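Thank you all for coming.

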Amino acid sequence: MESKICVHLKAIKELKLSKDDVCEECIKTGSDWVHLLTCQTCGVTLCCDESTNKHMTRHFNKTKHPVIISSESGERWMWCYVDESFAEY
């Protein structure tokens with residue numbers, strides 16, 4: 001069965017990549033993170049839900065920016081919060 005890619009993921013034509021490979025919010029508070037994700041709307045890089053502060057999910061809840069990509073070396077995937085849709089690139 002072929003998985004459907006949502007309109008938000010299809011709309012991504014050029015990837016916004018992490019600039020510094022740090023969670024911008026964790027740096028401010030001196031917190032640690034597990035994995036990094038980059039918002040494809042505004043380019044902010046924040047921590048994942050496995051991290052204590054879950055900054056990227058908080059960012060989505062506040063801004064409704066739908067698509068993130070993994071900023072981890074060797075990982076090439078996108079996630080849409082709105083449609084709970086996943087795609088590799």
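Leaving aside neighbours within four places in sequence, Trp77 is in contact (heavy atoms within 4.5 Å) with Leu37, Ile68, Ile69, Ser70, Phe86, Ala87, Glu88 and Tyr89. Please keep in mind that this is a predicted model, in which local features need pLDDT of at least 70 and side-chain atom pairs count only at pLDDT 80 or more, while totals for chains, interfaces and linings use all residues. Residues are numbered from 1 along each chain as its sequence is written, and side-chain values use heavy atoms, with hydrogens and water left out.

Trp77 belongs to strand 4, residues 77–80, where strands are DSSP runs of E with at least two residues, and helices are runs of H or I with at least four, numbered from the N terminus. Five strands form an open sheet with antiparallel pairing, in the order 2-1-3-4-5; two strands pair if DSSP finds at least two bridges between them. Strand 2 (45–47) and strand 5 (85–88) each have a single partner strand and stand at the edges, so one side of each lacks a neighbour in the sheet.

Further along, strand 1 (residues 36–39) and strand 3 (residues 67–70) are joined in the antiparallel sense over three bridges, and Cys39 has Ile68 of strand 3 as its bridge partner.
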